[in-house]
Amino acid sequence: MAAAQGGNLVVAEGPYSIWGPSDTPAVISETDTGSLELGVRFRADRPGRITGVKFYKGTGNGGTHVGSVWTTSGTRLASATFTNETATGWQTAMFATPVQVQANTSFVASYFAPQGRYSASYNYFTTARVNGPLQAPKSVPGAPNGVFKYGAASAFPTSTHLSANYWVDVIFEPTELDQGFGGPVLLVKSDAHPFSRYFAEVLRAEGIGSFTTADLSSVDATVLGQHDVVVLGEVPLTAAQATMFTDWVNAGGNLIASRPDKKLAGLLGLTDLGTTLNNGYLLINPAQVPGLPNTTMQYHGTADRYTATSATTIATLYSNATTATANPAVTLRTTAGGGNAVAFTYDLARSIVLTRQGNPAWAGVERDNDPPLRPVDLFFGAKTGDVQPDWNDFAKIAIPQADEQQRLFANLLATINRAKKPIPKTWYLPKGLKTAIVMALDDHGTPGGTQTYFEELKANTPAGASFDQWETLRATSWMFVDGATMTDAQAAAYNSQGFDLGIHVNTGCANWTPASLETTFTSELALWATTYPSLPPQTGNRTHCIVWSDWATQPKVELGKGIRMDLNYYYAPSWWVNNRPGMFTGSGLPMRFADLDGTMIDVFQVVSQLVDENGMTYPAAIDTMLDRALGYEGYYGVFGTHYYISGDNFGTQIITSAKARGVPIITGKQILDWTDGRNASYFSAIAWSGNNLTFTATVDNRTNGMLRGMLPVHSSKGVLTSITRAGTPVTFTRETIKGVTYALFPTAAGAHTATYTPYTYPVSFFTGATPANITTTDTSAGELGFKFTPAVNGRITAVKFYKGPQNLGTHTVSVWSSTGTRLATATATNETASGWQTVQLTTPLNVTAGTTYIASYFCPGGRYSYDYDYFTQARTAGPLTAPSTIGSGGNGVYALGSNFPNQTYRSLNYWVDVVFTSP
């Protein structure tokens with residue numbers, strides 16, 4: 001085998017290029033004068049960004065040259081026009097926005113030569129060119145190098161001739177996986193504590209790219225003063241550093257600290273008890289953060305026990321699923337200077353990783369007595385001779401516990417920054433979709449199996465459907481070469497139609513060592529490339545028998561092979577699953593793996609949740625997962641499948657259930673491209689200009705026009721009334737998501753202005769509205785009410801209720817805290833026979849933004865008005881929100897007698913209202 005060509009320009013910190021300034025072509029100027037695009041396929045061995053493109057120019061290579069970077073499937077990610085060219089030699093054009101590139105992922109750099117006369121060296125890419133972290137690989141049929149395309153305009157080059165090098169180059173700058181794009185959020189980490197860096201992945205998963213990451217050692221008061229919010233990972237602090245953060249928060253800064261150093265206890269309003277609670281549960285108080293599950297959820301790792309002495313408890317620690325402690329899991333303290341300090345008493349980043357990847361203490365241990373080692377062994381509790389609870393509680397299996405705690409984090413970040421400015425973010429999936437199915441097949445040599453199912457997907461694809469818009473039905477198939485009946489030409493045709501193909505890596509169902517796994521991947525991928533030379537390198541994997549012999553070797557080996565999407569976490573076996581649809585990793589989001597110490601690995605975990613051999617009742621289990629994502633629970637996610645194509649109708653059931661709900665069926669490559677594109681898109685220059693929030697959107701072309709931005713509808717400046725991009729109106733829709741009402745808008749690159757209009761007071765929910773049911777037959781005396789949350793500080797001046805003609809007796813109204821303290825009350829006088837009654841409070845009640853209250857009235861003879869199922873969705877009026885039942889622990893509340901109303905039934909609206917005005 002020929003050795004790779006070595007470089008002569010290796011710079012320790014970059015920037016890097018494939019060739020050095022002294023490298024020159026064998027042919028400086030070809031005689032060909034045709035107009036064409038010329039390019040090079042390249043990849044980097046680490047993440048980074050391409051800041052510009054270069055080409056070597058010979059005499060006669062005239063006209064306007066344009067340089068580009070593309071994905072290998074032909075999406076142009078950036079372009080720039082060359083200016084101030086010299087007569088000959090290397091020319092450089094810098095991109096206005098650098099292109100984010102991922103480790104071991106191939107791209108194409110090219111330039112358009114309108115007059116030909118390009119430079120060339122023939123038979124150059126018979127071997128690879130390697131220079132530092134960059135490689136231009138050797139040319140092979142499915143991944144040619146030295147590419148061109150003739151035409152009058154710039155276009156993606158795909159043709160090749162004699163493995164020629166056309167002398168196109170890039171400028172590459174390495175970046176760390178923990179870096180964002182700058183903005184109002186500062187992530188403070190320590191390389192000595194890598195879990196602190198994983199918060200970068202949490203922020204990205206929640207659609208927030210507007211952050212900077214800095215090592216604790218480089219942070220001072222000046223750095224803090226340049227940001228609105230600081231996220232502090234679990235890192236030890238010196239006394240001076242604790243004072244620095246304390247002073248900054250007391251002066252108005254906003255801090256979220258994950259399992260904070262106890263030197264911050266005073267700032268956080270906590271008193272340390274000197275004890276801990278491992279692998280417990282927490283319960284979020286829906287009155288403080290509505291919209292999230294009103295049931296206990298697990299955390300993994302260690303929580304410090306505190307007493308919340310001068311902080312508000314957002315969530316409480318539980319020692320098990322049902323037993324509360326007196327200790328907080330999450331707290332919030334607002335300082336006299338307007339700053340906010342949030343504490344997660346456990347390390348949220350570590351907990352998310354451990355929930356998703358399993359118990360590291362069980363890595364390499366055969367626990368379910370069903371060899372070989374698989375990911376399930378990291379979760380399986382009932383090992384013979386060592387019976388323990390399952391790592392993730394099956395009573396909570398329906399809940400994406402890791403995802404919901406990330407959403408708690410994101411909601412708190414927005415809450416504490418409300419007084420400063422909204423931070424725009426992006427939605428999880430294209431076009432506002434709530435879920436998608438990653439259809440993945442394991443083809444063990446079934447004759448015609450893959451082809452048959454691919455054709456079924458094509459037959460069920462609507463006419464005119466767009467692959468780029470996720471409208472076509474497509475799948476990934478990982479195939480054995482032995483027994484395969486698909487030809488190379490057939491595979492190339494399917495690939496051109498958007499299907500995704502790769503080898504089903506096979507260790508012989510045997511456990512592996514790191515060395516043996518590396519050998520297996522190398523040999524298997526080489527076999528695949530030889531068998532199907534027309535296919536591009538695969539980017540995803542699920543290993544045969546789901547062999548997973550330790551904690552994280554497999555994603556590290558995959559990364560070295562350019563594989564960055566892994567579906568090995570697999571919901572089985574049947575006797576463990578026991579027909580319980582759910583998320584056994586606590587997540588439906590594609591996120592990067594982490595090593596044992598928390599170091600991120602640039603490979604995404606997508607879980608195979610829908611498995612044709614796990615004994616669940618199908619299609620009911622498919623329907624359940626999709627409906628939980630689409631319905632009131634909001635358990636959004638990307639659900640991977642496992643399909644043996646072995647004669648059952650599982651694949652057809654997937655198609656039927658997905659089509660009935662408008663859910664896309666996509667390939668592993670599609671979700672990888674989307675995730676990379678979304679992660680490379682961000683908002684910058686976020687600032688207030690009067691009542692206008694201005695920001696600039698940078699959008700990666702891999703999102704194909706499907707990216708949706710999100711802005712809170714309510715802010716300290718008022719209610720969102722318009723969004724424009726470069727002066728042109730942008731249409732948006734309102735949706736309440738996890739307790740927050742957002743404007744979702746199609747996001748394209750450019751400068752945006754979001755206008756917030758001051759609220760008009762007074763505000764009530766039901767002005768002009770009347771009940772569907774004026775009078776119930778129920779004659780029980782009771783307190784009837786509803787929960788509401790203001791987005792701004794204000795005053796309640798009156799409580800209203802709708803009265804039917806038989807609703808008699810003396811009525812009193814009340815406003816309560818979420819915990820049952822009666823804050824104000826008044827007796828109704830001068831009532832009319834029916835209709836709305838308004839009862840003024842003697843003294844207006846001051847209410848606080850972001851806090852949930854209950855307004856009610858006492859109905860001594862029953863016969864009240866009502867509407868069923870009214871609060872199955874959140875209701876808004878001006879800055880007021882009445883949260884949905886699922887997001888608040890029940891809305892539409894009652895109590896028998898004149899007591900605190902804390903019971904709920906069928907999300908009833910009892911037609912109680914408030915009059916809210918400015919402070």
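**Close-up views of a predicted model**

View 1. The charged end of K717 lies over the W688 ring, 5.2 Å from the ring centre. K54 and W90 make another such arrangement, with 5.4 Å from the charged end to the centre of the ring. "Over a ring" here means NZ of Lys or CZ of Arg within 6 Å of the ring centre and within 35 degrees of the ring normal. This is a predicted model, where local features need pLDDT of at least 70 and side-chain atom pairs count only at pLDDT 80 or more, while totals for chains, interfaces and linings use all residues. Numbering runs from 1 along each chain as its sequence is written, and side-chain values use heavy atoms, with hydrogens and water left out.

**View 2. F801 and Y857 form a stacked pair.** Their ring centres are 4.2 Å apart, with 10 degrees between the planes. Rings of Phe, Tyr and Trp (its six-membered ring) pair if their centres lie within 6.5 Å; planes under 30 degrees apart count as stacked, over 60 as edge-to-face and the rest as tilted. The partners sit 56 residues apart, F801 in strand β48 (residues 794-803) and Y857 in strand β52 (residues 853-859). Strands (E, at least two residues) and helices (H or I, at least four) are DSSP runs numbered from the N terminus. Both F801 and Y857 are buried, and the cut-offs are under 20% relative accessible area for buried, over 50% for exposed, and partly exposed in between (1.4 Å probe, protein chains only). The structure holds 67 aromatic pairs.

**View 3. Helix α9 has a buried side.** L517, T520, F521, E524, L525 and W528 of α9 are buried. They share one side of α9, because their arc around the axis is only 115 degrees; the arc is taken from the directions from the helix axis to the C-beta atoms. A515, T519 and T530, on the other side of α9, are exposed. Cover for the buried residues comes from elements including β29 (476-479), β30 (500-503), β31 (540-541) and α10 (553-560).

**View 4. F344 and F409 in the largest nonpolar core.** Of its 198 residues, these two touch the most other members. Such a core is a set of buried Ala, Val, Leu, Ile, Met, Phe, Trp, Tyr and Cys residues joined through side-chain atoms within 4.5 Å. Helix α6 (residues 401-416) supplies the largest share of this core, six residues. Leaving aside residues up to four places away in sequence, F344 touches residues including I256, P260, V330, F409 and L412, where contact means heavy atoms within 4.5 Å.
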